Amino acid sequence: METLSILSRQLTDDELDYIIERAVAERDKQGSSMLGFADLRKLKLSLHQMDKQGRIRSFVNGQGKLIGILVFDVGFAWWSNSLILSETFVFCVDPEFHGFGRVAVKELKALASVYHCEIIVAGNFFMEKPDVMTNTYKKGGFETICPTYIKVVGGSNNG
């Protein structure tokens, strides 16, 4: 597997546009019904804000090409005094790169250590077939605790 490094600067406007472009391409190929609710302007603005807040890890290859991003948050849940690292979004931008999930899982573990988190919560409701990532998480030592249920209210798919 190619060695990746973490970008030491914020994403540029062109890189954010590329992420959005790739997200649109993937949406039709393997996205869940949730992606139909995505607002591309809000997505770009949100990614920009999260990047400014230091909540995105952007991975590049040796040539500086953007490969993927990991968006995360750190905080407490209402039910625990333990600090929690939450994966918000993992996205492999480069369609030719394989194994970005393993990169993301490794970085989640590193971030948990940096932020002194006792719990990592991960998962992606944007994927149509989450089993692809389930195997990656399990290999990384994660366990399935509970599924997420989503109902699109008034949507044509869910009534």
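# Sheet, helix and ring pairs

Strands E1 and E2 run antiparallel and are joined by two bridges. The model is a predicted one, in which local features need pLDDT of at least 70, side-chain atom pairs count only at pLDDT 80 or more, and totals for chains, interfaces and linings use all residues. Residues are numbered from 1 along each chain as its sequence is written, and side-chain values use heavy atoms, with hydrogens and water left out.

Helices (H or I, at least four residues) and strands (E, at least two) are DSSP runs, numbered from the N terminus. Two strands pair if DSSP finds at least two bridges between them.

## The sheet

The sheet is open and consists of five strands in the order E1-E2-E3-E4-E5, with mixed pairing. At its edges are strand E1 (5-6) and strand E5 (119-121), each of which pairs on one side only.

E2 and E3 form a hairpin with five residues between them, and Gly64 in the turn has a positive phi of about 85 degrees.

How many residues of E2 are buried? Five of the five are, so E2 is largely enclosed by the rest of the structure. Here, buried means under 20% relative accessible area, exposed means over 50%, and partly exposed lies in between (1.4 Å probe, protein chains only). Both faces of the strand are covered: Ile56, Ser58 and Val60 are buried on one side, and Arg57 and Phe59 on the other.

Arg57, which has its place in E2, also makes a contact through its side chain: a polar contact of 3.4 Å joins it to the side chain of Glu107. A polar contact is a pair of N or O atoms within 3.5 Å; within protein, one must be able to donate a hydrogen and the other to accept it, and residues adjacent in sequence count only if both atoms are side-chain atoms.

## Helix H2

Helix H2 (residues 40-52) has 13 residues and spans 18 Å from its first C-alpha to its last, close to the expected 18 Å at 1.5 Å a residue. The expected span is 1.5 Å times one less than the number of residues.

The buried residues of H2 are Leu47, Met50 and Asp51. They cover an arc of only 100 degrees around the axis, which puts them on the same side of H2; the arc is that of the directions from the helix axis to the C-beta atoms. On the other side of the helix, Arg41, Lys42 and Leu45 are exposed.

At the start of H2, a side-chain oxygen of Asp39 comes to within 3.1 Å of the backbone nitrogen of Arg41. After the helix comes Gly54, with a positive phi near 80 degrees.

## Aromatic pairs

The structure holds three aromatic pairs. Rings of Phe, Tyr and Trp (its six-membered ring) pair if their centres lie within 6.5 Å; planes under 30 degrees apart count as stacked, over 60 as edge-to-face and the rest as tilted.

Among the pairs is that of Phe59 and Phe100, which is edge-to-face, with 5.6 Å from centre to centre and 75 degrees between the planes. Phe59 lies in strand E2 and Phe100 in helix H3, so the pair ties together parts that are 41 residues apart in sequence. Both Phe59 and Phe100 are buried. The rings of Phe89 and Phe91 have centres 5.7 Å apart and planes at 15 degrees, so this pair is stacked. Phe89 and Phe91 are both buried as well.

## Individual residues

His116 is found in the loop between helix H3 (100-114) and E5. Although not a glycine, His116 has a positive phi of about 60 degrees. A disulfide is a pair of cysteine sulfur atoms within 2.5 Å, and by this rule the count is zero. The table lists the accessibility of selected residues.

| Residue | Relative accessible area | Class |
|---|---|---|
| Arg57 | 18% | buried |
| Cys92 | 22% | partly exposed |
| His116 | 65% | exposed |
| Cys117 | 12% | buried |
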